[in-house]
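Have the model open while you read.

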Amino acid sequence: MNRPEILIIDDEPQIRRLLRITLESHEYKVTEAGTGQEGITLAATHAPELILLDIGLPDIHGQEVLHQLRQWYTKSIIILSVIQGEAELVQALDNGATDFLTKPFRTGELLARIRASIRRHQQTDGNPIVRTGNLEIDFAARVVKKDGELVRLTSTEYNLMALFAQNEGRVLTHQYILKHVWGTGYQTETQYLRVFVAQLRKKLEDDPHQPIHILTESGVGYRFC
Amino acid sequence: MSAMTYPLLGKRRGNLVLQFLISFGLVLLVALSFYFSVDLIGYKIVALVLLMVVSLLAMVFDIVPVLSAAVLSAVLWNYLFIPPVHNFTIDTPEDLLLFMMYFVVALVNAVLTSKIRKAEAKVRERDERAASIRLYNTLLNSLSHELRTPISTIIGAVDTLKESPSKLTAEQRTDLLTEIDIAGTRLNGQVENLLNMSRLESGFLQPKLDWCDISEMIHTVIAANKSAAHAHTLLFSPPEDFPIFKIDRGLIEPALQNLIQNALMYTPAGTTVRIGLSHSAHTCIIEISDDGPGFPPEKLSQVFDKFYRLPNMPTGGTGLGLSIVKGFVEAHKGHVRLENVKPHGAKFTLLIPAESSLLKPTEDE
């Protein structure tokens, strides 16, 4: 099998070296760009499987690079950033970034995100059942099972759960979830979201206060694993 | 510090008109009230009373309004009290001398008081500058220590790993790598707190309020401290059906992190750290208590000061943590209480006023 190619756009040579060693040792092919401009050019000529984009670039702003890439590039773009929970991160996700990682990050986490992003992109649509841990979501039957047992969900709870399951492993912003589950006009009603997430956790998590499936990404949104 | 003084000065200048009004008003009021009782006490006493008024004004107001008030009072005294009244002429040489003396004493009084106040302000400014230099030095000292310790660990451990790989057992290698890991995490924590401090120092920290599951936030902080807590017991039993609160998690989470990290770092091994969560109508209450030795009672009020560290404490702190806790909670218009508990131990209580919601999704929507 061909080794998937990953393009790193980051102005810090040390970070690029660390990422290269880590990724190459896990069977990825690596291309590096030190500036946004170079990154955009390399993305066009190499058509990588995934792009790691540092949001704080010296030449062009990372948001602008993201915007230009998204004009034609449809595969995964993971944002690297030094700020947690900032508006910038949410903006990048709402503008088409697939996921994000905050520096300093654990390489294990980086590899997990990369695997999930690539897998999701290669996945053909209409996977009828998603299984993770002790949970099973059956989209055709519109049911959720925990440890093989049916879990009673209200229709909103199911819709929220289905959205999570369709985006397994990926962070979803509050705005995105509100828009897709409640519809346009509800984007600021984060209170609904908190209540329904709490309710889902109560029904699906072994310990709702220490969730392992529906995780909070502070200041950004939720991630379903 | 200077940022604190200048707005005050600016305000004082803005209040000049008010100072004139009060000074003139007070002098007029006193003069008029004595005008109707002058037969009882005699006009010479009135001069002393007016002099006292001018002296009092000099203690609080600027030189220009005070001098103006002094002149006004002299003129009023002459016009209303020195015989013959209701004109500016003075009949006897004694009264003339009195009037001149009044005039001079009032002016000297005003000028002297103002000079004293200026000198005091200068001393205060010098003290403040000295204090801020001291603070700055304390920061640099503790910072260079706090940053260099983990940096030394990283460089040292890497050297050993690189130079004598064959002499190390597998276990030693793992230990060194763990040390590098801990040092990196510690450095990251210090940078986090410096950033937090600079957010506070910028002076316009505006909490971004959003709904938050407080129990989950506490669990997140506990999970982040799991490896540091191996010698302690960390207890938290989340209350059932706790409402969600509208807070800035970006501020409250680091506040909790600092308190829990402190409790783990500064209490002896074997100590139990308890986290309590409760609420009143519009306040979320988080308590962090331990059964360690507690704080020296006379130091309880100082521990929230910036860079303050208790004497004879083990190293491993910049003295920023608790001032960040206080600053972030106060940004929510809340406050932090610290008390010693019986038989021994310390308890921090965070009182955070916030909108709450017990909204429940209905089953049949």
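This is a predicted model: local features need pLDDT of at least 70, side-chain atom pairs count only at pLDDT 80 or more; totals for chains, interfaces and linings use all residues.

1. Now the buried set itself. Val46(B), Ala47(B), Leu50(B), Val53(B), Val54(B), Leu57(B) and Ala58(B) are the buried residues of H4(B). Their arc around the axis is only 140 degrees, so they lie on the same side of H4(B). As a reminder, an α-helix has 3.6 residues a turn, so residues three or four places apart point the same way.

2. What do they pack against?

3. The geometry of H4(B) checks out. Helix H4 of chain B runs over residues 43–60, and at 1.5 Å a residue its 18 residues should span 26 Å; the end C-alpha atoms are 27 Å apart, which agrees.

4. On to the interface: 17 residues of chain A are in contact with 18 residues of chain B. On the chain B side, the elements giving two or more residues are helix H7 (170–201), strand E1 (210–212), helix H8 (214–224) and helix H9 (249–266). By class, that side of chain B has 7 charged, 6 polar and 5 nonpolar residues.

5. Last, a residue in chain A. Tyr192(A) is in helix H8 (residues 190–204) of chain A, and it counts as partly exposed because it has 18 C-beta neighbours inside 10 Å. From Arg170(A), Tyr192(A) is 22 residues away in sequence and 21 Å away in space, C-alpha to C-alpha.

Notes
Residues are numbered from 1 along each chain as its sequence is written. Chains are lettered from A and ligands numbered from 1 in the order in which they are written. Helices (H or I, at least four residues) and strands (E, at least two) are DSSP runs, numbered from the N terminus. A residue is buried if 20 or more other C-beta atoms lie within 10 Å of its own, exposed if 12 or fewer, and partly exposed in between; C-beta atoms are placed from the backbone. Two residues are in contact if their C-beta atoms, placed from the backbone, lie within 7 Å. Ala, Val, Leu, Ile, Met, Phe, Trp, Tyr, Cys and Pro count as nonpolar, Asp, Glu, Lys and Arg as charged, and the others, Gly among them, as polar. The expected span of a helix is 1.5 Å times one less than its number of residues. The arc is that of the directions from the helix axis to the C-beta atoms.
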